[in-house]
Amino acid sequence: MDFENIITEKKGAVGVLTFNRPHALNAFCAALMDEVTAALDGFENDDAVRVIVVTGGEKAFAAGADIKEMAEKNFPEVYKEDFITRNWESVARCRKPVIAAVAGYCLGGGNELAMMCDFILAADTAKFSQPEITIGTLPGAGGTQRLTRLAGKSKAMELCLTGRMMDAVEAERAGLVARVFPAAELMAETMKIAEKIASFSPLAAMMVKESVNRAYETTLAEGLRFERRLFHASFATEDRKEGMEAFVGKRKALFKGR
Ligand code: CAA
């Protein structure tokens, strides 16, 4: 598919989506988000893709929602179109694992989209913030909710109330970022991690993702019950049998997603 604001590539079993609007530091205009949704739907429906990587450029992962496009909107418009919903939440709807590889600015809606991914890998150049308060508003794509769950109330409150930028080391310490790499190694390290996940059963990966996400939505007892049932369900898959037999037979497992 031809896109104007993003680039998509398939590297083996990994689908890579790169924001490509460098003149605006990859700010998310509506056209870009429509393309993100179309690209993710394509990866989701392609059995050859087992893991998705979302990334930006060296200077910016994304500097947030497009302020120029947003500036003239009014309440009836944003309410009626349910602005920042239809084409923004496609990342959160993905059932395959989605990794955010972040270098440079990761601000506002950029950080919110990164947090919709399953985990964030950061270059040592990455800078994270929720600067919406500096333009008279507040995060609108989950920043106050996901950042609070990831980094805790105090950190989230301080970041959202001041709009200040946090570097990659602080972001890792705060629990926002899973791992930090030197900028030059970010994509190679991200691909290694994506390929490793892609080598496992895609059904097991989907179940892990669904179960970890359930931890945010429910009580511990219900979450444990959910996990146990999915664990039981894995016994209905050929991949579970293959994985265990391969271990016992001292050979490499070949997972087929069945
Ligand atoms: N929207 C639209 N355009 C943007 C943009 C944004 N979020 N961020 C940067 N740009 C544009 C700039 O306007 C500039 O365009 P021109 O060359 O046409 O002037 C170009 O990208 C380069 O940006 P700068 O010249 O500003 O680059 P810089 O290196 O001096 O500064 C920056 C970089 C600190 C990231 C600065 O661009 C900035 O503060 N950007 C805005 C960040 C922000 O407030 N994001 C939150 C958006 S609101 C949101 O996301 C709502 C939500 O929760 C969904």
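Two strands are taken to pair if DSSP finds at least two bridges between them, and helices (H or I, at least four residues) and strands (E, at least two) are DSSP runs, numbered from the N terminus. By these criteria, β6 and strand β8 (residues 127-129) are parallel partners, joined by three bridges. Across this pairing, Tyr105 has Lys127 in β8 as its bridge partner. The structure is a predicted model, in which local features need pLDDT of at least 70 and side-chain atom pairs count only at pLDDT 80 or more, while totals for chains, interfaces and linings use all residues. Residues are numbered from 1 along each chain as its sequence is written, and side-chain values use heavy atoms, with hydrogens and water left out.

Strands β6 and β8 belong to an open sheet of four strands with mixed pairing, in the order β4-β6-β8-β9. The edge positions are taken by β4 (60-62) and β9 (166-167), each of which pairs on one side only.

Strand β1 (residues 6-11) runs antiparallel to β2, with six bridges between the two, and Glu9 stands opposite Val16 of β2. The two strands form a hairpin with two residues between them, and Gly12 in the turn has a positive phi of about 60°. Strand β3 (residues 51-55) is parallel to β2 and joined to it by five bridges; here Val16 stands opposite Val53. Between β2 and β3 the chain passes through helix α1 (residues 30-44), in a right-handed β-α-β crossover. Right-handed means that, with the strands pointing away from the viewer, the path from the first strand over the helix to the second runs clockwise.

Six of the six residues of β2 are buried, where buried means under 20% relative accessible area, exposed over 50%, and partly exposed in between (1.4 Å probe, protein chains only). In a regular strand the side chains alternate between the two faces of the sheet. In β2, Val14, Val16 and Thr18 point one way and Gly15, Leu17 and Phe19 the other, and all are buried.

The ligand is surrounded by 25 residues, of which the closest are Ala63, Ile67, Gly109, Glu112 and Glu132; a residue is counted if one of its heavy atoms lies within 4 Å. By class, this shell holds 15 nonpolar, five polar and five charged residues. Polar contacts are pairs of N or O atoms within 3.5 Å. A polar backbone atom of Ile67 is 2.9 Å from a nitrogen atom of the ligand. Oxygen atoms of the ligand lie 3.0 Å from a polar side-chain atom of Lys68 and 2.8 Å from one of Glu132. Taken alone, the ligand exposes 990 Å², and the protein buries 66% of that. Elements giving two or more residues to the shell are α2 (67-70), β6 (105-107) and α5 (109-116), with α2 giving the most, three residues.

Two residues other than glycine have positive phi values. Asp82, with phi near 50°, is in the loop between α3 (75-80) and α4 (90-93), and counts as partly exposed because its relative accessibility is 45%. Lys250, with phi near 55°, lies in the segment after α12 (238-248), and counts as exposed because its relative accessibility is 79%.

Arg149 is located in helix α6 (residues 143-151). Its relative accessibility is 48%, so Arg149 counts as partly exposed. Arg149 and Gly175 are 26 residues apart in sequence, with 9.4 Å between their C-alpha atoms.

Notes. Polar contact = N/O pair within 3.5 Å; in protein donor to acceptor, adjacent residues only side chain to side chain. Areas by Shrake-Rupley, 256 points an atom, 1.4 Å probe, with all protein chains shown as cover. Nonpolar A, V, L, I, M, F, W, Y, C, P; charged D, E, K, R; others polar.
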